[in-house]
Amino acid sequence: MMLALRLARRELRGGVRGLWIVLLCLALGVAVIAAVGTLREATDRGLAADGTRLLGGDLEVESGAEPLPDTLRDWLRNRGAALSDVASMRSMAVAASGERQLVELKAVDAAWPLVGAPVLDPPQPLADALGQRDGRYGLLADQVVLDRLGLHSGDVVRLGTESFSVRGALRAEPDRVATAAMFGARVLIAQGALPATGLIAPGAMVQYALRLTVPDTAAVSALIGDLRATFPDTGWRIRTPRDAAPGLTRFIDQTSLFLTLVGLTSLLVGGIGVANGVRAWLEARATTIATLRCLGASSRLVFTVCLIELLALSACGIMAGVVVGAALPVLAASLLRDVLPVPPVAGVYPGPLALAASYGLLTAASFALWPLGRASRIPGAALFRDTLLPEHVRPSRPLLALNALLAAALIGLTVATAANRGFALGFCAVALGTLGLFRLGAIALTRVARSLSRLPRSASVRLGLGNLHRPGAATPLMLVSVGLGLSTLAAVALIQGNVRQQVLGQMPANAPSFYFVDIQNDQLARFTAIVQGSPGTSDLKQVPTLRARVVAVNGVPAEQVQATPETRWALSGDRGLTYAADPPPDTRIVAGAWWPPDYTGPPLVSFDSGLAKGWAVKVGDTIRVNVLGRDIDLRVASLRQIAWQTLGMNFAMVASPGLLRNAPHTHIATVRVAGPEQAALLRAVTDALPNVTGIRVEDVLTAIAALLSQIAIALAATGSLTLVAGALVLVGAVAAGQRRRTQEAVILKAVGATRGQIRTAWLAEFGLLGLAAGVIAALVGTAASYGVVHYVMKTEWSFLPGTLAVTLAGCLALVLVLGYAGTAQALRAKAAPLLRNE
Amino acid sequence: MDAIPPVLSPCGRTIVQVGNLHLTVPAAAGPVNILRGIDLDIPDGEAVGIVGPSGSGKTSLLMVLAGLERATAGTIRIAGQEITGLDEDALARLRRDTIGIVFQAFHLIPTMTALENVSVPLELAGRRDAAARARSALESVGLGHRLTHLPGQLSGGEQQRVALARAFAPEPRLLLADEPTGNLDQATGETVMDLLFRLRERSGTTLLLITHDADLAARCSRRIHLADGRVVAIEVTTPIAGSPA
């Protein structure tokens, strides 16, 4: 061992020429994984530290559209809790000019906020800002609302039927994450002002919540237990600071999973680079190895020396990656300050860094063992005689077993440390399958190149084809290194294109222009008359709607139902419920049957088949819902497949008429109207019916499109990382073959080849390589995007040839440019020094 | 220094004409003058040996004549064409159409079979019968049974025979050979040289042979002695090319 160390040290003294690609590949992959892990940890710490502020208290009880009972308040006060009531809903803010804007209204009591403080502009006490002055309540709004409506402090703005005085801008609210404003900007008023707005009508889409702080935060868990026991089957949603921002936590979970997988793909591509770099390095060291063998070095010693050198170098690459990965989040944290609601807690987190280093080490070992094992099996004499390592030589069986073990450990680590293990396992399977596919592709390409090599009339093209199939050709390595990155990018582009098409593509065909919500029973006739009397309107559809909360499924309380993660959302909070005698148009019943039009029996429900699958609900089961404080058992009569992306009025639950017809409810309506007439219609409806809120679909879609664009940029940027890794490996592969290529170019020139002929040969070689990589990547990318869109996102997948073609053409150009740039150097080499006698 | 006698071609044509040829290369310690005013005329069809000690400029002269190295000054006419002003591609075409080269280290393309190595110059010249000619050339050097072997699978002597076949297959007017037996044992070297001279005689190709071996040089009709980058002597001998091995 000491001898091996000594020999390795002597050789490393001469530098690591030829192995820099190994170093870079490892550093890149490790850096991505370390950075993602560190950023995630920093964000988690930020969330943990700020959870109480984000939630607005130690605990939140949310009851949906039903105000929380005073008995609960008394019960909590008796336990020393400080309370704060918050109600939120969507509404229209109407300026004196007649301009109007959809807003996310939040009504708070005097105790708000229990934790933290809002930032007002101009600075003033919150009570003054929201309180009554000269007979008018005050109102605070996001600057964007003030700008759009042209409002300034002192101006009057109407919400529902009540006028408010603008007292300033709301720059920050501590619990913004807990009551997220998705499609409208925030408007804040005092809770005392809410009744006067006329917005709180039976069935209105309002959400009540009670926040509380307790003297002893350690007793919160016990308090929750007592609360559930004292107030059973209420369907209230109880949140603690740990799940203050479940959406954000889920987002961070999914994003970090995605980014980690991107990092792993980069590392996988880097692994190819490691294998390639090691192979080229060993070829260049063939004489040294042969000399050592001839001087009596055993294959074991040769293997150990090479392994030590490689491990030393890998350690340098991994360390570089860890350092960059630890430093990057500091930069990212400052860039993401406005995007993330919680400032990440900067620091060095050993856990994620150690994990990234483990990934790096396992990758280096998994990919380097094969070429190292091969080199140690080759007899010295063969190395003297052959300039090419014989392809048939394989590593020894124990080494093969060790290699398999290391690969399994890499997969195990990936799966064990992922938030979604199934997805991670799927990723590993797809990655392995893709590697296999590219290997098969390489075999096919070399065979095709061999069988076609006599066909072209141009000698240069024949030479290029020959370069793809001759012994020692780097075709398989180059194909995989470019192809993996390319596949990721193609998949990302197709997923992104599909999502965009789902959201925006459907709109011209069948999307309504407006949703009008909170139309009261007695307002329906007037609403209909206004819409029908407005120019350019069509497709007016209206349905009754009630707010219902799922209390139990087949007798199991909602919070104990075993639901899949993607369907759990529907078990908490209010859901829209409608009733109908006949199935809505385009209904697709997948199980059971619709009730007769004149059905008057016990309440039945037609349920969303997707949710039913997630909750394990089937026809004949019972879903207990709470409507306006009353529990109603709905028996599942049928399951429907709902096309949510049509943007029409879709309800997870459609009940049979009868009982519900007599419950207080509102109506929701959709209408199509030509662009120029939209403002007039909105004005006509909301002036006549101030409590009715009009949501412009175009605005919603614009908001979603903006969000998608941001996601798309992030996806493309991270997806490109794998391509960067691939490009790095390609450059490495070209560089590794540079000596041979230069020698070949010089000989070709000596026997009469012009530079143009040599260039054409290389262009043919790299062009075909890029084309083959592109075709396979297109297949893999298409399949992967189908899998994600169809199985994970559960929406319709469509093939987007344009998107795919642009991505692949760009990548083909990249292969040609990188390949050509690398080989142009060989073309410039002077002939004489290489041809002189050695 | 001996006076350099003018030599006329048997048919009166000169294939190589060199006038006041200089080659200077930069080096860390200052420019090195490798060739210092070489004048040389080689008639068509002749076999000329270039001899001299190591560092005398033999290989550099061959490189410059092949257009693989650029002269610093002087003129070079190959087959009547002045080559000092030609660009790299024109020089490549000149080699393709007129010159064959055999190197000491063979310089075969390691990833190509023997047949492919020999075919390359013919294919580059656009010869449609490249494969057939290459096969015939390999058969003529006794390697008809080694067509699909890679250079790594051939002995040194066999590799040099492939190089000979590659050089002769396009039927060049001028063959430049740089120590073709330098990497071979004596017996193999003799076999290769017999083959070289036999092929040359058959094709009438002009030969410029660089060698250390006095016996080998003696097989040429003229021997040009180089020392320190200059021609120091020219010996005219009775040609013995084609003598039995």
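**Close-up views of a predicted two-chain model**

**Figure 1. Packing of helices H5 and H6 in chain B.** In this predicted model, H5(B) and helix H6 (residues 186–203) of chain B pack with their axes 10 Å apart, at an angle of about 15°. Because this angle falls under 35 degrees, H5(B) counts as roughly parallel to H6(B). From H5(B), the contact takes in B:Gly156, B:Gly157, B:Gln160, B:Arg161, B:Leu164 and B:Phe168. From H6(B) come B:Thr188, B:Thr191, B:Val192, B:Leu195, B:Leu196, B:Leu199 and B:Ser203. Sorted by class, the residues of the contact of H5(B) with H6(B) are six nonpolar, six polar and one charged.

**Figure 2. Packing of helices H3 and H4 in chain B.** Helix H3 (residues 114–124) and helix H4 (residues 130–140) of chain B pack with their axes 8 Å apart. The angle between H3(B) and H4(B) is about 125°, which makes H3(B) oblique to H4(B). H3(B) passes H4(B) in a crossing that is right-handed. On the H3(B) side, the residues that meet H4(B) are B:Ala114, B:Leu115, B:Val118, B:Ser119, B:Leu122 and B:Glu123. On the H4(B) side they are B:Ala130, B:Ala131, B:Arg133, B:Ala134, B:Arg135, B:Ala137 and B:Leu138. The contact of H3(B) with H4(B) comprises nine nonpolar residues, one polar residue and three charged residues.

**Figure 3. The four-stranded sheet of chain B.** Four strands of chain B, in the order E2-E1-E4-E5, form an open sheet with antiparallel pairing. Strand E2 (32–43) and strand E5 (81–82) of chain B each have a single partner strand, so one side of each lacks a neighbour in the sheet. Strand E1 (residues 14–25) of chain B runs antiparallel to E2(B), and nine bridges join the two. Within this pairing, B:Leu21 has B:Ile38 in E2(B) as its bridge partner. Helix H1 (residues 58–65) of chain B packs on this sheet and touches E1, E2 and strand E4 (73–78) of chain B. The direction of H1(B) makes about 65° with that of E2(B).

**Figure 4. The six-stranded sheet of chain B.** This open sheet has mixed pairing, and its six strands follow the order E6-E7-E8-E3-E9-E10 in chain B. The edges are strand E6 (99–102) and strand E10 (230–236) of chain B; each has a single partner strand, so one side of each is left without a neighbour in the sheet. On average, and with direction ignored, neighbouring strands of this sheet are turned by 20° against each other. Strand E9 (residues 222–227) of chain B and E10(B) run antiparallel and are joined by six bridges. B:His225 stands opposite B:Ala233 in E10(B). H1(B) lies across strand E3 (47–51), strand E7 (174–178), strand E8 (206–210) and E9 of chain B, and runs at about 145° to E8(B). Helix H5 (residues 156–168) of chain B also packs on the sheet, where H5(B) touches E6 and E7 of chain B. The direction of H5(B) makes about 170° with that of E6(B).

**Figure 5. The side of chain A that touches chain B.** Contacts between the chains involve 27 residues of chain A and 31 residues of chain B. Helix H15 (459–469), helix H22 (738–750), helix H23 (755–792) and helix H25 (831–835) of chain A each supply at least two residues of the chain A side. H22(A) gives the largest share of that side, five residues. By class, the chain A side has 11 nonpolar, seven polar and nine charged residues.

Figure 6. A:Asn467 lies in helix H15 of chain A. With 25 other C-beta atoms within 10 Å, A:Asn467 is buried, because the count for a buried residue is 20 or more. Leaving aside neighbours within four places in sequence, A:Asn467 is in contact with A:Ala473, A:Ala761 and A:Glu765. A:Ser453 is 14 residues from A:Asn467 in sequence, and the two are 9.8 Å apart in space, C-alpha to C-alpha.

**Figure 7. Overview of chain B.** Chain B contains seven helices and 10 strands. Of its 245 residues, 50% count as buried. Among contacts in chain B with a separation of 6 or more, 70% are between residues 24 or more positions apart.

Note on methods
Residues numbered from 1 in each chain as written. Chains lettered and ligands numbered in written order. Predicted model: local features only at pLDDT ≥ 70, side-chain atom pairs only at ≥ 80, totals over all residues. Pairing = 2+ DSSP bridges. Contact = placed C-beta atoms within 7 Å. Axes fitted to C-alpha atoms, helices over the stretch in contact; angles between N-to-C directions. Parallel < 35°, antiparallel > 145°, perpendicular 65-115°, else oblique. Left-handed = near helix turned anticlockwise from the far one by under 90°. Nonpolar A, V, L, I, M, F, W, Y, C, P; charged D, E, K, R; others polar. Buried ≥ 20, exposed ≤ 12 C-beta atoms within 10 Å, placed from the backbone.
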